[in-house]
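Please read it with the model open.

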Amino acid sequence: MTRFLQYLILILVLYSCKQHNSQEEKLNQGYSIVDLYKKPISKWPKPIIDEGVEWQEMKPIEINYNYFEDIKKPEVTLGKLLFFDPKLSSSNQISCSSCHHPEMGWATHTEKSTGHNHLQSSRNAPTILNVASKKIFFWDGRVASLENQALGPITAHNEMNMNIDELPGKLQKVKRYEELFKKVYKKENITIEQVLSAIAAFERTIKSQPSKVDRFMKGSYKALTDSEIKGLHLFRTKARCMNCHHGQFFTDQKFHNIGLTYYKREQEDLGRYNVTKNSEDVGKFLTPSLRDLLNTRPWMHNGFFDNLTGVVNMYNSGMQMLNPSFEEKKKDSLFPVVDPLMKPLNLTDEEINDLVAFLKALNGTKYKMEIPEVPR
């Protein structure tokens, strides 16, 4: 290597160190963090991501200007009626909207939903906001299509308890449905595939509205307070949130055990393991989106948490105290192990407040949908 080339490499290394140190110096000054984020996303400080984690940069959502056109499409109109119609249940009392109410963030505000014969569902009802962006469904990921997702609650004994073989004939007896299905699908007889297709078409129109964070990402730098911007920085760095909550919808759409398995206790739920029977999946649940999270409380697969500061405190602990000892794991291969992405964060009270402020700023959806009059 020539002396000139060695000299050139040395200059580049020193320049790189200078740039890094310059950013570190700014980050060490509380007020300068705000300035570092008042610029395009591509120029934000890089997030702290663990090695091997596949991630995407944050991205704003747009206002759905096509919503009023989409909602009038024949299949969507039909799906909306079916979604709100209790005739899809055996008792004629429970509809899809019973667990996914538009005024409750398209979920419920209870730990578990109440279904057929006042039975409770086994898990918290997740919101259906932005389901069009999802690749896998249910907390344990047991289905990979929105149509199959719709089938689950309809047939579940503790939810809608409907005999799937009887549902098409039941709807066929309603003249208005007979007309609508024929108009949409050009066939004489209603099928369960048509029912599920229509419901899924409607659900795909249910999307979050832009939040303050989206406006900030698009250049409206007064949209967030200093506290919320500091929370944004913590979200991307010290708090380690970006390892699982990233991209446009703040989810990696993967499964993680964050320590809420309640193994060998009354509330035990083995999560993804119940689907795969792989011992490595014990206690893993699908990462939820963080958009509109204030509308979708309570949180987690069991709905045990309704206080955002409490949730952050839980993550702050790292949950490593729940991991089995070597001997325990050796004796019991199903003993759940907390995801290594979970680590103690050492957040201060002020940092927790800033992080919570940012999470609240992700709320943007305010509209309420009028409940349609279903065919008789």
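## Basis

This is a predicted model, in which local features need pLDDT of at least 70, side-chain atom pairs count only at pLDDT 80 or more, and totals for chains, interfaces and linings use all residues. Residues are numbered from 1 along each chain as its sequence is written, and side-chain values use heavy atoms, without hydrogens or water.

## Domain

The unreviewed UniProt entry annotates residues 226-363 as "domain: Cytochrome c"; such annotations may be inferred rather than shown by experiment. The span is 32% helix and 3% strand (DSSP runs: H or I of at least four residues, E of at least two, numbered from the N terminus). Its end C-alpha atoms lie 17 Å apart.

## α10 against α14

Helix α10 (residues 226-236) packs on α14 at about 95°, with axes 7 Å apart. Axes are lines fitted to C-alpha atoms over the stretch in contact, and angles run from 0 to 180 degrees between N-to-C directions. So α10 is roughly perpendicular to α14 (65 to 115 degrees).

Contact means heavy atoms within 4.5 Å. Among the α10 residues that meet α14 are Leu-232, Leu-234 and Phe-235. The contact residues divide into eight nonpolar, three polar and four charged (Ala, Val, Leu, Ile, Met, Phe, Trp, Tyr, Cys and Pro are nonpolar; Asp, Glu, Lys and Arg charged; the others, Gly among them, polar).

## α12 against α14

Helix α12 (residues 308-317) and helix α14 (residues 349-361) pack at about 125°, with axes 10 Å apart.

Leu-308, Thr-309, Val-312, Asn-313 and Asn-316 in α12 meet Ile-352, Leu-355, Val-356, Leu-359 and Lys-360 in α14. This contact has six nonpolar residues, three polar and one charged.

Notes:
Parallel < 35°, antiparallel > 145°, perpendicular 65-115°, else oblique.
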